[in-house]
Amino acid sequence: MLVLASASPRRQELLRKAGISFTIEPADINETPREGESPRDCAERLAREKALAISNARPLNYVLGADTVVAVDNIILGKPADTADAARMLRLLSGRTHQVITGVCLVSPAVADKKSRFPPSSEKTAARTTEDRNLRVASEATLVTMLDLSDQEIHDYIATGEPMDKAGAYAIQGLASKFIDRIEGCYFNVVGLPISLVYYHLKKLTQQ
């Protein structure tokens, strides 16, 4: 059984559409970036902390943790605190290209043998053990270019309520789709979960 350590309806929908069976148990952790932490390091750390928090309670299950951050000029934009914060973020993104990075962490069920089952590898991922579990930590980055937004467009978009629970204060799959000029990379990553990356590492983890 795969446990998704997230309450995100977008991640749940992507897993369902991909035909990956799962159950939901959201993790409750502090998602504040650390001082000097890069966007990629932040996304991967939070994904790992979420996955381990649930794995500690569900040691017999596979657990998936994920965290998505939006970054411009290496500044991490999380979920807006209020409408003024949402407007600030959208003004920063207006007419520019930014990064969307999703960190993912998959944790195996506990096993009696604490020796790592991962041989040395050249894969661009961290494969390591924590006590009696194996972890696979990776991340995906997508470049997103947004059109120039007027103050009125920003005001009207915020009034819909859509930006308020989204990293970077927008949803590419929602009303903000009309603001997106182009993307370079995985679209699903911007929605909230790089599904092919998750599938790849889930296969690797279950085949060990």
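This is a predicted model: local features need pLDDT of at least 70, side-chain atom pairs count only at pLDDT 80 or more; totals for chains, interfaces and linings use all residues.

Modeller: Leaving out residues up to four places away in sequence, Leu-64 touches Leu-2, Val-3, Leu-4, Ala-5, Leu-15, Ala-51, Val-104, Cys-105, Leu-106, Leu-193 and Val-198. Leu-64 belongs to the largest nonpolar core, a set of 42 residues. Leu-64 is also among those with the most contacts inside that core, along with Leu-15, Val-104, Tyr-170 and Leu-193. Of these, Leu-15, Val-104 and Leu-193 are on the list of residues that Leu-64 touches. There is a second, separate core as well, with 18 residues. Ala-5, Cys-42, Ala-47 and Ile-101 are included in it. Ala-5 is also touched by Leu-64. In soluble globular proteins, nonpolar side chains tend to be buried together.

Gln-12 sits in helix H1, which covers residues 9–17. Is Gln-12 buried or exposed? Its relative accessible area is 11%, under the 20% cut-off, so Gln-12 counts as buried. Neighbours within four places aside, Gln-12 is in contact with Leu-4, Ser-6, Ala-7, Phe-22 and Ile-24. Leu-4 is also touched by Leu-64.

Next, the backbone. Most residues other than glycine have a negative phi. Asn-74 has a positive phi of about 65° and is not a glycine. Asn-74 is in the loop between strand S3 (62–72) and strand S4 (75–77). Its relative accessibility is 58%, and Asn-74 counts as exposed. Ala-169 also has a positive phi, about 65°, without being a glycine. Ala-169 lies in the loop between helix H4 (151–159) and strand S8 (180–184). At 0% relative accessibility, Ala-169 counts as buried.

The protein has six helices and eight strands. From the N terminus on, their order is β-α-β-α-β-β-α-β-β-β-α-β-α-α. The radius of gyration is 18 Å, close to the 17 Å that the globule rule gives for 208 residues, so the protein is as compact as a globular protein of that length. Along its principal axes, the C-alpha trace spans about 60 × 30 × 30 Å. Buried residues make up 49% of the 208 residues. Among contacts with a separation of 6 or more, 69% are between residues 24 or more positions apart.

The accessible surface comes to about 10200 Å², and carbon and sulfur atoms account for 49% of it. There are 26 positive and 26 negative side chains. The centres of these two sets lie 7 Å apart.

How values were computed: Residues are numbered from 1 along each chain as its sequence is written. Side-chain values use heavy atoms; hydrogens and water are left out. Helices (H or I, at least four residues) and strands (E, at least two) are DSSP runs, numbered from the N terminus. The radius of gyration is taken over C-alpha atoms; the globule rule is 2.2 Å times the number of residues to the power 0.38. Buried means under 20% relative accessible area, exposed over 50%, partly exposed in between (1.4 Å probe, protein chains only). Contact means heavy atoms within 4.5 Å. Accessible areas come from the Shrake-Rupley method with a 1.4 Å probe; for residues, only the protein chains shown count as cover. Lys and Arg count as positive and Asp and Glu as negative; His and the chain ends are not counted. The place of a charge is taken as NZ of Lys, CZ of Arg, CG of Asp or CD of Glu. A nonpolar core is a set of buried Ala, Val, Leu, Ile, Met, Phe, Trp, Tyr and Cys residues joined through side-chain atoms within 4.5 Å.
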